[in-house]
Amino acid sequence: MANLAANPARTNVAMLGIGACRPKRLVSNDEVCEVLDSSDEWIFERSGIRNRRWISGDESARTLAATAAERAITNAGIDREKIGALILATGSWKTKIPHGGPIIAYDIGLNGIPAYDVAAGCGGFGYGMGIAADTVRAGSAEYVLVVGVETMSVVMDPTDRGTAFIFGDGAGAVVIGPSEENGISPVVWGSDGEHAQAISQNYDIPEYMDRAQEYQGKDPATDPVGRMVVTMEGSAVFRWAAITLPKALTSTMELAGVNTSDIEVFIPHQANARISELMKKNLGFPDDLPMANDIENTGNTSAASIPLAMEEMLATGKAKGGQTALLLGFGAGLSYAGAVVTLPPNPTISSFDDLD
């Protein structure tokens, strides 16, 4: 039997840099309610959202992701040639074939590296981060770029009171690589396929040829049969979250070997400000513990939510690089992923630099 070579293993990994990109267009609750039968007061009371950002002009998931990735590399201060893999977490990329990862790698000058998509809904960034950390630990790549991007505005029904006011667009990215001290705990992740339809879509890839022919020649922009939009059973998702998330958060801290007094920043997925406050209270965190509230002016950006919220806290000084943070993403699948991390350095190039 041949003595096969093995990759050099690494124990300690961390997020070394963060980048983000936010669309320029700011959409208020009042603007949403020009189409949606609702009000600014109703939306804010139930979700904590005042505004969200939607793509416009020549902006797209592709441009947002590439910009966030470039900023993460710059803020990490490493040579891009050392990046050995790219993971794209997304649920709204416009095609399944081709998937988006290789396209973003090409756009940022890294054509040829392994690049692939992770589809785990709002927990996608946590899944990607966990995979990236283990990829570096195993020695399969020295540095891995994880990008979360969504353009949820293009997969919404603007008249749906359950979803139209919730979602926004944006992209966030981190560079993960070796570190003197470990900065990413083991990821606690899981899924519940029994209740998967609680967050779904109205249009599926046809399973049979005769069904596929029904859609040929129809314009997705105008034909409701051909346009895929996200649907959500809000009460079912809330019930699932109320049971699942407290256990996930507790397990995350236990596996990381920390307790509530060690956590300096709480960055939950920006699904609903009221849910975030409830989780913070149930965990016994002090009232003055910094907690992400990017949802107020960014909305729910699904797989981009956590890196965008993290970048907002670092860019505005609400959090500092090196602090210990608890992360938890959850949503479609139904899936979740949580970890305790050391925050990356405060960004020198911010997603707010090019906004009015």
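The legends below describe close-up views of a predicted model.

View 1. Strand β8 pairs with β13 (residues 335-342) in the antiparallel sense, over four bridges. Within this part of the sheet, Gly-190 is placed opposite Tyr-336 of β13.

View 2. Because 12 of the 15 residues are buried, α5 is largely enclosed by the rest of the structure. Among the buried residues are the glycines Gly-124, Gly-126, Gly-128 and Gly-130, together with Phe-125, Met-129, Val-136 and Arg-137. After the helix comes Gly-139, which has a positive phi near 85°.

**View 3. The aromatic pair of Tyr-127 and Trp-189.** By the ring-pair criterion, the model contains three aromatic pairs. In one of them, Tyr-127 and Trp-189 form a tilted arrangement, with 4.9 Å from centre to centre and 55° between the planes. This pair links distant parts of the chain, since Tyr-127 belongs to helix α5 (residues 124-138) and Trp-189 to strand β8 (residues 188-191), 62 residues apart. Tyr-127 has a relative accessible area of 16% and is therefore buried, whereas Trp-189, at 41% relative accessibility, is partly exposed.

**View 4. The aromatic pair of Phe-266 and Phe-285.** These two rings are also tilted: their centres are 5.6 Å apart and their planes make an angle of 50°. Phe-266 is in strand β11 (residues 265-268) and Phe-285 is in the loop between α8 (273-282) and α9, so the pair ties together parts 19 residues apart in sequence. Phe-266 is buried at 0% relative accessibility, and Phe-285 is buried at 6%.

**View 5. Arginine side chains over aromatic rings.** At Trp-42, the charged end of Arg-161 sits over the ring, 4.7 Å from the ring centre. At Phe-44, Arg-274 lies over the ring face, at 5.3 Å from the ring centre.

View 6. Most residues other than glycine have a negative phi, and most peptide bonds are trans. The bond that joins Ile-97 and Pro-98 is cis, with omega about 0°. Pro-98 is located in the loop between β4 (83-89) and α4 (100-107).

**View 7. The positive phi of Ser-302.** Ser-302, a residue other than glycine, has a positive phi near 50°. The residue is in the loop between α9 (295-298) and α10 (305-316). Its relative accessibility is 6%, under the 20% limit, so Ser-302 counts as buried.

Notes
Residues are numbered from 1 along each chain as its sequence is written. This is a predicted model: local features need pLDDT of at least 70, side-chain atom pairs count only at pLDDT 80 or more; totals for chains, interfaces and linings use all residues. Side-chain values use heavy atoms; hydrogens and water are left out. Helices (H or I, at least four residues) and strands (E, at least two) are DSSP runs, numbered from the N terminus. Buried means under 20% relative accessible area, exposed over 50%, partly exposed in between (1.4 Å probe, protein chains only). Rings of Phe, Tyr and Trp (its six-membered ring) pair if their centres lie within 6.5 Å; planes under 30 degrees apart count as stacked, over 60 as edge-to-face and the rest as tilted. A charge sits over a ring if NZ of Lys or CZ of Arg is within 6 Å of the ring centre and within 35 degrees of the ring normal. Two strands pair if DSSP finds at least two bridges between them.
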